[in-house]
Amino acid sequence: MGGRQGRRLGVALGGGGARGLAHVPVLELLDEMGIRPVCMAGTSIGAVIGALYASGMSGSDIRGLVDDTVLKKGDPPNKVMRNLKTVIRFLDLDFMGSGMFKGESFMDYFYDAIDTDSFEELDIPLKVVTSDFWTAGQVVVSEGELISAVRASMSLPGIFTPVERDGRVLVDGGGVDPVPWDLLEDCDLVLAVDVLGSLEKGNDDEPSAFRAVVEMFDIMQRSMVRTRLDSSPPDIYFRPELKGIGLLEFHRAEEIYKAAESSIDQLREQLAALS
């Protein structure tokens with residue numbers, strides 16, 4: 001598969017906000033096993049992680065980038081201050097637009113890590129899923145300028161400003177294809193990584209307005225994934241147990257990693273068996 005003899009592997013990385021950090025242990029496993037995907041597809045945070053990996057970064061490189069950026073309990077004061085400056089830079093508020101944040105500063109930060117201007121320069125071919133806001137149709141971007149496509153794929157309406165590209169208004173791809181394994185038809189074997197997770201009831205009977213809107217979007221995405229699993233499942237479907245982790249709770253990175261790593265041996269066995 002990929003970097004060694006065997007079947008050609010395609011990898012689909014799904015959306016899920018902070019839960020998308022669970023993609024990192026999966027990519028680290030591929031590196032450990034010497035498996036190099038020949039094609040990738042990503043939605044939302046899966047498009048971000050996919051672009052980093054397809055540009056040539058390893059799974060451990062991506063983990064290091066996250067660890068340098070995300071605050072965790074017990075971090076020393078100097079890291080807290082450094083990361084606070086980064087977070088403030090990310091908050092490019094969009095007072096006149098249709099989202100709370102433009103998302104440009106966030107993507108500029110990752111652009112420095114990706115260091116790639118276009119899809120054509122990636123080491124691994126990548127398909128990025130977005131939604132056309134006005135037609136509600138799926139728009140898959142796989143050529144041309146990279147960063148605007150990735151930013152569009154993660155532009156959840158109301159949070160990040162939509163992206164105008166090629167005469168379309170593009171928003172989060174999770175509304176049309178949350179885990180885009182169906183786009184990898186050119187591969188012999190497809191691994192789909194679903195990081196949508198599941199709900200966990202809080203102390204209050206009623207969720208906040210923000211959580212209710214976000215979770216409703218997640219409920220819709222989970223329903224789409226179940227329907228597609230019934231009709232045309234991927235060769236390998238990996239869904240780590242991510243319970244009660246919010247869309248923007250990146251500070252729970254270590255918890256997310258551990259949730260993915262707790263079932264990574266099963267994935268290793270599946271990959272070895274099908275190689």
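The chain exposes about 12,800 Å², and carbon and sulfur atoms supply 53% of that area; accessible areas here come from the Shrake-Rupley method with a 1.4 Å probe, and for residues only the protein chains shown count as cover. This is a predicted model, where local features need pLDDT of at least 70 and side-chain atom pairs count only at pLDDT 80 or more, while totals for chains, interfaces and linings use all residues. Residues are numbered from 1 along each chain as its sequence is written, and side-chain values use heavy atoms, with hydrogens and water left out.

Of the 275 residues, 52% count as buried, meaning under 20% relative accessible area, with exposed over 50% and partly exposed in between (1.4 Å probe, protein chains only). The chain has nine helices and ten strands; these are DSSP runs numbered from the N terminus, helices being H or I of at least four residues and strands E of at least two. Among contacts (heavy atoms within 4.5 Å) between residues at least 6 apart in sequence, 71% join residues at least 24 apart.

Now the disulfide. A search of the whole structure finds one, the criterion being a pair of cysteine sulfur atoms within 2.5 Å. The partners are C39 and C187, with sulfur atoms 2.0 Å apart. C39 lies in strand 2, residues 39–43, and C187 in the loop between strand 8 (168–172) and strand 9 (189–193), so the bond ties together parts 148 residues apart in sequence. The torsion about the S-S bond of C39 and C187 is about 120 degrees, so the disulfide is right-handed. Both C39 and C187 are buried.

Next, the rings. The search finds two aromatic pairs; rings of Phe, Tyr and Trp (its six-membered ring) pair if their centres lie within 6.5 Å, and planes under 30 degrees apart count as stacked, over 60 as edge-to-face and the rest as tilted. F133 and W134 are edge-to-face, at 4.9 Å centre to centre and 85 degrees between the planes. F133 is partly exposed at 43% relative accessibility, and W134 is exposed at 69%.

W181 and Y237 are also edge-to-face, at 6.4 Å and 70 degrees. W181 sits in the loop between strand 8 and strand 9, and Y237 in strand 10 (residues 236–238), so this pair ties together parts 56 residues apart in sequence. W181 is buried at 6%; Y237 is partly exposed at 25%.

Last, charges over rings: NZ of Lys or CZ of Arg within 6 Å of the ring centre and within 35 degrees of the ring normal. R36 lies over the face of Y53, 5.1 Å from the ring centre. R63 has its charged end over the ring of Y257, 4.2 Å from the centre.
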